[in-house]
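Visitor: I am new to this structure and would like a short tour by question and answer.
Guide: Here it is.

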Amino acid sequence: MVDIKHAREITKNLKILYVEDEASIRKQLEKTLKILFKEVITASEGQEGVHKYYQEGDIDIIITDVQMPKLNGLELAKEIKSKNSEQHIIIISAHNEMNYFVQAIDIGVDGFIVKPVKNDKLLETLYKSSKIIKEKKENSFYQEKLEFLLKEKSTQLEESLITDELTGLHNKIKLNSEIKKSKEVTIVLVNIDNFDHINTTYGYDIGDKVLKEFAEVLKKAKPDNAQLFRLASDEMVYLFENIDKRRASEFADMLNALIEQGVFEIDEISIELTCTVGIADGSGKEALVMSHLAMKEVREIGKNRFFYYSHDSSLRRKQKNNIEWMKKVKKAIADDTIIPYYQPIVNNSTLEFEKYECLARIIEPTKVISPHYFIEPARLVGLLPSITKTMIQKSFEKFSKNSLEFSLNITENDLRDEFLIEYLQHQVEKYNISTDRVVLEILENISSEGSENALEQLSELKCMGFKLAIDDFGSEKSNFFRLQQLNVDYIKIDGMFIKDIDKNENSYKITKT
């Protein structure tokens, strides 16, 4: 059995509406309810009960008699349940009103008390109802708290995902999000010159500290109408939505001067920096791409300066041209339309063709395409080794039918892929060609600056009997020590010295030497 003290532990913080048309019964029961509940609202009939329910608000329990004038208890319950199905309603009914119980169940009433009302039954019903309401409130409270905590954690996680941990700046994810929102933006891309030298000289810890200090300087220089992001290692981006070309250029010029004039004191090390700035206007990601093109273009001129991207820039035209030729090279390899052209090498004394140089060409229905157009694009997409293999296979097949010497161009990419020794050996065996008939031509930069691995491959090829030639000798860094190491068979002097050898005395002397 539930006593008042026990019941009040559950009911004391709840608010109740009691609707009863008989005044004596209402006043008697009201006394008990006031002992139990924090607040008791009373009404003398149904319509008043509905009015007070909406007027007071936050009613936890409604107790209503069934038989009342104007609006009976079931009609009151139906009206309120239609608006708030969660509202807890208890019906008080006489023994002879069983038909009302069926209607009450259909409406969704939560409890019943039979007249005459007995205290023990009243306490038990109110206790059970109040316990359910209290549990719902607690669950709702904890759910709201959990949702708040989840939202807070979600916000923190979202912020961590869009924030660069080292500098505290927003990162590339946030930048991409921001540029999608705007139709036209101006990107000012800032890159530290020779930052890799700092990492290799002082270590990554110092490099990180330099980046943090650099970011702080850029933060202080940030105009109110700009956002600042860290895009990559040593690249920072200012995003402007409303700035003209003159003001953007003045801002970039100021940044160059600000960084150049400052000294970064890191762990008692004084580090001087310069930066290069690429600027571009456009929509969203286009502006970001164009700012990188501006950066590349300005660095062909020099560092520690800025450059404003122009749609008619030579770099853009060059890159567009490269993309077109990349597609053509891939198609030529797939269609097997790369073939060798054989350029004869004439003995000036006998005027006879003594050997041939194998040169790559792409054959199209109406024209023959020189490597001048496609070699560099092929290098950019890693297709040079495929071209070299094609040239080796087709040239070996051709020269298997005679005894002439022939030469093939070998690229740095071929040596990097480390396929030459095995591939050449296979072609030698397949076509029964003596290795001393084959000259492998390499560019001067490979012989002078090539990796140890590349030089080891060339030495092994030399040991296998292949001859070596240095092409375009004298155009870059001629390394005579490497010539001695590799024991090359031919030096092909760069054409700039040969083309006017009969007129230019210096060319004659250099070539003779």
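**A tour of selected places**

Visitor: Is E20 buried or exposed?
Guide: The model is a predicted one. Within it, E20 has a relative accessible area of 0%. Buried means under 20%, so E20 counts as buried.

Visitor: Where does E20 lie?
Guide: Strand β1 covers residues 15–19 and helix α2 covers 23–36. E20 lies in the loop between β1 and α2.

Visitor: Which backbone nitrogen does the side chain of E20 reach?
Guide: E20 touches I25, R26, A43, S44, D65, M68 and K115, leaving aside residues up to four places away in sequence. Its side chain also reaches a backbone nitrogen at 3.0 Å. That nitrogen belongs to E22.

Visitor: Is D193 buried or exposed?
Guide: D193 sits in the loop between β6 and α8. Its relative accessible area is 5%. The limit for buried is under 20%, so D193 is buried.

Visitor: Which side chain forms a polar contact of 2.6 Å with the side chain of D193?
Guide: Not counting residues up to four places away in sequence, D193 touches T274, C275, T276, R299, K303 and N304. A polar atom of the D193 side chain lies 3.4 Å from the backbone nitrogen of C275. The side-chain contact of 2.6 Å is with T276.

Visitor: What is the phi of N194?
Guide: N194 is in the loop between β6 (185–192) and α8 (195–202). With a relative accessible area of 33%, N194 is partly exposed. Its phi is positive, in a residue other than glycine, and is near 55°.

Visitor: Is N432 buried or exposed?
Guide: N432 is placed in the loop between α16 (420–431) and β17. Phi of N432 is a positive value near 55°, and N432 is a residue other than glycine. Its relative accessibility is 69% and the limit for exposed is over 50%, so N432 counts as exposed.

Visitor: How far does helix α14 reach from its first C-alpha to its last?
Guide: Helix α14 spans residues 384–399, which is 16 residues. Its buried residues include L384, I387, M391, F396 and F399.

Visitor: What distance separates the C-alpha atoms of E75 and K327?
Guide: E75 is found in helix α4 (residues 73–83). E75 is partly exposed, with a relative accessible area of 40%. E75 and K327 are 252 residues apart along the chain, and their C-alpha atoms are separated by 80 Å.

Visitor: Which element gives the largest share of the lining of the second largest pocket?
Guide: The second largest pocket holds about 400 Å³ of space. Elements that give two or more residues to its lining are β13 (338–346), β14 (353–364), β16 (405–409), β17 (438–443) and β19 (490–493). The largest share, four residues, comes from β13.

Visitor: How many charged residues are in the lining of the second largest pocket?
Guide: The lining has 17 residues, and I345, V346, K355, Y490 and K492 lie nearest the centre of the pocket. By class, eight lining residues are nonpolar and four are polar. The number of charged residues is five.

Methods:
Residues are numbered from 1 along each chain as its sequence is written. This is a predicted model: local features need pLDDT of at least 70, side-chain atom pairs count only at pLDDT 80 or more; totals for chains, interfaces and linings use all residues. Side-chain values use heavy atoms; hydrogens and water are left out. Buried means under 20% relative accessible area, exposed over 50%, partly exposed in between (1.4 Å probe, protein chains only). A polar contact is a pair of N or O atoms within 3.5 Å; within protein, one must be able to donate a hydrogen and the other to accept it, and residues adjacent in sequence count only if both atoms are side-chain atoms. Contact means heavy atoms within 4.5 Å. The expected span of a helix is 1.5 Å times one less than its number of residues. On a 1 Å grid over the protein atoms alone, a cavity is a set of points where a 1.4 Å probe fits but cannot get out, and a pocket is an open set with protein on both sides within 12 Å along at least five of seven lines; lining residues have an atom within 4 Å of a point. Grid points are joined across faces, edges and corners, and a volume is the space filled by probe spheres set on the points. Ala, Val, Leu, Ile, Met, Phe, Trp, Tyr, Cys and Pro count as nonpolar, Asp, Glu, Lys and Arg as charged, and the others, Gly among them, as polar.
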